[in-house]
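These are my notebook entries on a structure that I had not examined before. I set down what I looked up, in the order in which I looked.

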Amino acid sequence: MQKLFVAVLALFTLVVPAQAATVEEALAQPGRLAADLERDKRDRPEVVIPLLALSPGDRVADIFGGAGYYSEIIATMVGPEGEVLLHNNQAYLNFVATGLEARFDGRDVSGVTRHDREVADLDLGENKLDAALIIMSYHDLYFGEEGWPAIDRADFMGQIIRALKPGGRFLIVDHQAVEGAGASVAQRLHRIEDSQARRDIEALGLVYAGGTGELRNPADDHTLNVFDAAIRGKTDRFVQVYEKP
């Protein structure tokens, strides 16, 4: 009888699918950086990340992921069988070097793989990703100055889309521009209009799947550079998620 019980228990264990850690469980992990705990309050990952509909074992690309705030949270959610590619190009690496050192120096950031690549060759493969995200950096596809090379937007986004599996999701969060501005203030204010982003992405074949208004701030009149002390960390932000057919 005992052997039969063990056999049934083993079979049950095999057929019950693993459950992804919730965002709340990921945010409650011990040893998270103090800067991340502070950022939780303004970025609301508990309402943003669920839009990706992650599962255990998923492979995710955090494009222009900076110091890896989202990467660490998502890696906990997809578990030991999953992987998060923390992507930065050299321009971003110059900006986030201190943050990356704080995240990886002496800490166990399991499931996060540094993926430093320039934009002309993101090296993401084809049909390899369950999800991808760009947080507060989609507008940089319209940015160009010394130290930040101009980006071929169609090629860049094409690489991401090819890497997504059918049904894979693509999430962006960005700073809202004034109505009618489109992408014209991306260089000056680091903002883009939500409707511009949606036109861009839908034109490339992804299907709009929703979003959330939880990061909206009606007190932001959209006229200030996002790094201005009067609005930094308090901008009106839009959140959009798309799916690959």
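Predicted model: local features only at pLDDT ≥ 70, side-chain atom pairs only at ≥ 80, totals over all residues.

**Entry 1**

Glu72 has a relative accessible area of 13%. I then asked which residue Glu72 meets in a salt bridge. The partner is Arg107, with 2.9 Å from N to O. Glu72 belongs to helix H5, whereas Arg107 sits in the loop between H6 and strand S3 (112–116). The two residues are 35 apart in the chain, and I noted the pair as a link between distant parts.

I followed the salt bridges onward from this pair. Through shared partners, they join Glu72 and Arg107 with Asp36 and Arg103 in one network.

**Entry 2: Arg103 and Asp36**

I next looked up the salt bridge between Arg103 and Asp36, whose closest N and O atoms are 2.8 Å apart. Arg103 is in helix H6 and Asp36 is in helix H3, so this pair ties together parts that lie 67 residues apart in sequence. Are these two residues buried or exposed? Arg103 is buried at 3% relative accessible area, and Asp36 is buried at 5%.

I also looked up the total for the structure, which is 18 salt bridges.

**Entry 3: Arg44 and Glu46**

I turned to another salt bridge, in which the side chains of Arg44 and Glu46 meet at 2.5 Å from N to O. Glu46 has 25% relative accessibility and counts as partly exposed. Arg44 is likewise partly exposed, with a relative accessible area of 25%.

I looked up the backbone of Arg44 as well. Its phi is positive, at about 50 degrees, although Arg44 is not a glycine. I located Arg44 in the loop between H3 and helix H4 (45–48).

**Entry 4: His190**

I then recorded a positive phi for His190, near 60 degrees, again in a residue other than glycine. Where does His190 lie? I found His190 in the loop between helix H8 (186–189) and helix H9 (194–203). At 13% relative accessibility, His190 counts as buried.

**Entry 5: the strands around S2**

I asked why strand S2 (residues 83–88) may be called largely enclosed by the rest of the structure. The reason I noted is that five of its six residues are buried.

I looked up the pairing of S2 on each recorded partner. S1 and S2 are parallel and share four bridges. Within that pairing, Asp62 has Leu86 of S2 as its bridge partner. S2 and S3 also run parallel, joined by five bridges. There I found His87 standing opposite His115 in S3.

I then traced the connections by way of the helices. S1, H5 and S2 form a right-handed β-α-β unit. S2, H6 and S3 form a right-handed β-α-β unit as well. H5 is the helix that holds Glu72, and H6 is the helix that holds Arg103.

**Entry 6: the largest pocket**

I looked up the open space in the model last. The largest pocket has about 1,100 Å³ of space. How many residues line the largest pocket? I recorded 42, with Tyr92, Phe95, Val96, Phe227 and Arg232 nearest the centre. Helix H3 (34–43), strand S1 (59–63), helix H5 (69–78) and helix H6 (90–104) are the elements that give two or more residues to this lining. H6 gives the most, with seven residues. I sorted the lining by class and noted 17 nonpolar, 13 polar and twelve charged residues.

**Entry 7: the second largest pocket**

The second largest pocket has a volume of about 240 Å³. I found 13 residues in its lining, and the closest to its centre are Gln29, Glu72, Thr76, Asp108 and Ser110. Glu72, with which I began, therefore returns here as a residue of this lining. Which element gives the most to the lining of the second largest pocket? It is H5, with four residues. By class, I noted five nonpolar, four polar and four charged residues.

Terms used: Residues numbered from 1 in each chain as written. Heavy atoms only, no water. 1 Å grid on protein atoms, 1.4 Å probe; cavity = no way out; pocket = protein on both sides within 12 Å on 5 of 7 lines; lining within 4 Å. Points joined across faces, edges and corners; volume = space filled by probe spheres on them. Nonpolar A, V, L, I, M, F, W, Y, C, P; charged D, E, K, R; others polar. Salt bridge = Lys/Arg side-chain N within 4 Å of Asp/Glu carboxyl O. Buried < 20%, exposed > 50% of the residue type's maximum accessible area, 1.4 Å probe, protein only. Pairing = 2+ DSSP bridges. Right-handed = clockwise from strand over helix to strand, strands pointing away.
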